[in-house]
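Colleague: Could you take me through the reading of a structural model, one feature at a time?

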Amino acid sequence: MKRLPRLARTLRTALPSWADDTIEQNLTKASSDTAEERFFYRTFGHSHLSVGLYDQANGLVTSDPMGHPFPPRLVRPEGQKSGSGFILADDGLYFTFDGLDRWPDVPSSAAFVAAHISPAQLVSIAVGTAPHGKLTPSEFQLVGLLLEGLDLKTAAARVGATYDTKRKQIQKVLEKLGLNSQTALVRTLALDLTVWLVNELLAQPAHDAETLLAKKHYGKTITINRISVADSPEIPIWDFGARSGRPVLYFHSMLAPVILTRDLHSKLVAQNLRLLMMPRHFVGLETAMSPDIRQARAISSLARALDYLTKDKLLCIGDSAGCGWATRFVAANPDRVSGLVLVSTPQALPVTDQRTLFAEVSARIKQDHFVVSGMTRLYNTIARAPGLAQRALSYMYRQSPADLATLDAAFIDGQLADWLRLIANQAIHTSMDEVMNLQRNWTHDLRAVPVPLLFLHGNQDPICPASSAQDMADMMPNAAIHRFDDAGHFLLGQKFDEICQMLSDDRHLP
């Protein structure tokens, strides 16, 4: 019986009735969440190259499961035991580089990285490339063998061809690449390729990549604050809307620190609202002992930082996975808050008998701790491939036309795809933290909050049914609920205009 890839097995173990064969077919391989994997994605996740990381025994440690399939073993020729060089393996051309000491966080088990070189990349780097310089598979193979260090006679013998056949073929290659000799091909092309590949491998991820991405999407309408108080870590707080307007503290959903709506700034200004948000994926509290402690420290530091931005009472909003964060903030800082709004609220634990994705994940987590790390790997793997991420999310929300329309718009402009990939590469553990924080008894805090509480929910929500939020609202004396018939889980984006009007008027709070 064919053995399923690890991530596919995780999916079937965690969510047997939600497993999608079209997703499993794309999960051809994946590594576990190790120090090697964290180093790999933080270092090379931004690269334009397809890269594989190999250990001291020449075995593949990790590569992007959605990228080029690397050989499980890559043995470099005798003359390339150190430094850099080229190798042809499994009909693919690879550049190997073992200067990993350039990165201080490289794991001791890692020996070298290999970058895959496509025929198109090779031709584009060649000096004097002719307009019609496309190489045939046989020609590309020959160039690869020559770059590996073989002479023409040995290369011909390697592929089972005569020397004369390959001598004629190399002439065609030289014509296509605009070179005048085999020596020029090997020396010039090898040098140009090496310089280009090393520069790509050593290129550093942009500092504060999340800040650059936020500015790309929001331009001058966003103010990015970085505040550190006493011994607290530096907390990023993003500031939108009317700077002197009513302060709204927004705890974003699990997917990304964005609201999937257009014209965010103008809509906030129209209602005199100031939206403050901590992009919690990028707070950087990895040294804390557990997700619960990380969450508590982040909330404590956020509360102290907010003192420097506003003295007014805050209206807190939690969106989906952000509901637990918002509730915990209010419970810890009741005097700072005028009201709490929970949007697309996750089902309360213990999980009800309503069959939803959230309920099934929660039930499996209680039975098997492997599910959390497995689902994190699955989530990050899918998030790194925009096409796969869109299909996977569409599958989850396929019962909601409103959600599908929102996702389509978010992927078309690249906003959501960019954030998913950045989080998966630079904040690998945050999705695990999100799942674990939803498993804590955050509804215990909810019952104790002393401020007015408003639930906002879409009746088309396939992840967290509106009936569950209705049950929670009915159990609390200071709560009310407003349900939208034609909205799904991405309620805040779909009904942002209406919700902004509600937030600007306290009469909507109970």
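Predicted model: local features only at pLDDT ≥ 70, side-chain atom pairs only at ≥ 80, totals over all residues.

Modeller: Residues are numbered from 1 along each chain as its sequence is written, and side-chain values use heavy atoms, with hydrogens and water left out.

Colleague: Which residues of α7 are buried, and which exposed residues sit on the face turned away from them?

Modeller: An α-helix has 3.6 residues a turn, so residues three or four places apart point the same way. With buried meaning under 20% relative accessible area, exposed over 50%, and partly exposed in between (1.4 Å probe, protein chains only), the buried residues of α7 are K166, Q169, I170, V173, L174 and L177. Seen down the helix axis, these fall within an arc of 145° (taken from the directions from the axis to the C-beta atoms), so they line one face of α7. K172 and E175 are exposed on the face turned away from that buried side. The cover over the buried residues includes α4 (119–125), α5 (137–148), α6 (152–159) and α8 (182–202), where contact means heavy atoms within 4.5 Å.

Colleague: In what order do the strands of the five-stranded sheet run?

Modeller: Strands of a sheet pair through backbone hydrogen bonds, either parallel or antiparallel; here two strands pair if DSSP finds at least two bridges between them. The open sheet of five strands has the order β2-β1-β5-β4-β3, and its pairing is antiparallel. β2 (60–63) and β3 (84–89) are at the edges with a single partner strand each, so one side of each has no neighbour in the sheet. Antiparallel β1 (residues 50–55) and β5 (residues 110–117) are joined by six bridges, and L53 has V113 as its bridge partner in β5.

Colleague: Which helix lies across β3, β4 and β5?

Modeller: That helix is α5, which runs at about 140° to β3; axes are lines fitted to C-alpha atoms, for helices over the stretch in contact, and angles run from 0 to 180 degrees between N-to-C directions. α8 also packs on the sheet, where it touches β1, β3, β4 and β5 and makes about 65° with the direction of β4.

Colleague: What is the strand order in the sheet of eight strands?

Modeller: This open sheet, with mixed pairing, has the order β6-β7-β9-β8-β10-β11-β12-β13. Its edge strands, β6 (223–227) and β13 (479–484), each pair on one side only. Helix α9 (residues 209–218) lies across β6 and β7, running at about 155° to β6.

Colleague: How many disulfides are there?

Modeller: A disulfide is a covalent bond between the sulfur atoms of two cysteines. Counting a pair of cysteine sulfur atoms within 2.5 Å as a disulfide, the total is zero. For C464, the closest cysteine sulfur is that of C323, 8.1 Å away and too far for a bond. C323 is buried, with a relative accessible area of 0%, and C464 is buried at 2%.

Terms used. Helix = DSSP H or I, 4+ residues; strand = E, 2+ residues; numbered from the N terminus.
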